[in-house]
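I opened a new model today and went through it by topic. My entries are below the display.

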Amino acid sequence: MNFEPFVFYLFSAILLFAGMRVITARNPVHAALFLVLAFFTAAGLWLLLEAEFLAITLVLVYVGAVMVLFLFVVMMLDINLDKLREGFWDYLPLAGIVSVLMVLEMVVILGGKHFGLKQMPAPVAHGPEYSNTKELGRLLYTEYVYPFEIAAVILLVAIVAAIALTMRRRKNTKYQNPAEQVRVKRADRVRLVSMPADNSAREKTEEKAE
């Protein structure tokens, strides 16, 4: 019995289960933990495809950095789950239509003549001197250099848009200018006013005492 197909189907089943739990878990922390499980399982599948560099990158970058950040944010925010569930049934028809379209697209792609074990066989085993990191770099900067640059530009635009949305001016919001705070002097904040003494209140008090 070949052990590799068994591992593939086992990891695939775990990945599908984890993906379903990500979108069905009621607790956001549980959903994030299931997403961590999905990343680990996907890394195992990439190891079967002899893509060790992508597998370790997925574990180190997404599980070790991104998902830890997600967990911290979710656990630190006071999320009202009851408020999040409000209006769920209002968006259900649109979500159902989108889900059906996605399933149809996957059926067209996976069920076509360009996808299958014959069209996409298992990768050929390479010798110990083979480096998939070097091969990945060669493909990115030769055959797929233009899609790679387009993806980089799209990510840059997304970063700029996120910063612009975050830094936009909002009404009734107070802002501080650190440069002005550093340059401030005593005369700008404190003003000494010379006022004559008012003895009327003291005279009235003495009159009442007499």
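**Ground rules.** I am working with a predicted model, where local features need pLDDT of at least 70, side-chain atom pairs count only at pLDDT 80 or more, and totals for chains, interfaces and linings use all residues. Residues are numbered from 1 along each chain as its sequence is written, and side-chain values use heavy atoms, with hydrogens and water left out.

**Confidence.** I checked pLDDT (the predictor's confidence in each residue, from 0 to 100). The chain has a mean of 80, and 80% of its residues reach 70 or more. Where pLDDT is low, predicted coordinates should not be read in detail.

**Fold.** I found ten helices and zero strands. Both are DSSP runs, numbered from the N terminus: helices are H or I with at least four residues, strands E with at least two. Along the sequence the pattern reads α-α-α-α-α-α-α-α-α-α. Next I looked at contacts (heavy atoms within 4.5 Å). Of those with a separation of 6 or more, 57% join residues 24 or more positions apart.

**Surface.** I took accessible areas from the Shrake-Rupley method with a 1.4 Å probe; for residues, only the protein chains shown count as cover. The chain exposes about 18,700 Å², and carbon and sulfur atoms supply 68% of that area. Of its 210 residues, 11% count as buried. Buried means under 20% relative accessible area, exposed over 50%, and partly exposed in between.

**Ring pairs.** How many aromatic pairs are there? I count four. Rings of Phe, Tyr and Trp (its six-membered ring) pair if their centres lie within 6.5 Å; planes under 30 degrees apart are stacked, over 60 edge-to-face, the rest tilted. Phe17 and Phe34 have ring centres 5.9 Å apart and planes at 85 degrees, so this pair is edge-to-face. Phe17 sits in helix α1 (residues 3–24) and Phe34 in helix α2 (residues 28–48), so the pair ties together parts 17 residues apart in sequence. Phe17 is partly exposed at 49%.

Tyr141 and Phe148 are also edge-to-face, because their planes stand at 70 degrees, with centres 5.5 Å apart. Tyr141 is exposed at 57% relative accessibility. Phe148 is partly exposed at 35%.

**Helix packing.** I looked up helix α3 (residues 52–76) against helix α6 (residues 132–140): the angle is about 90 degrees and the axes are 8 Å apart. Axes are lines fitted to C-alpha atoms, for helices over the stretch in contact, and angles run from 0 to 180 degrees between N-to-C directions. That makes α3 roughly perpendicular to α6, a label for angles of 65 to 115 degrees. Glu52, Phe53 and Leu54 of α3 meet Asn132, Thr133 and Leu136 of α6.

Notes: Buried < 20%, exposed > 50% of the residue type's maximum accessible area, 1.4 Å probe, protein only. Parallel < 35°, antiparallel > 145°, perpendicular 65-115°, else oblique.
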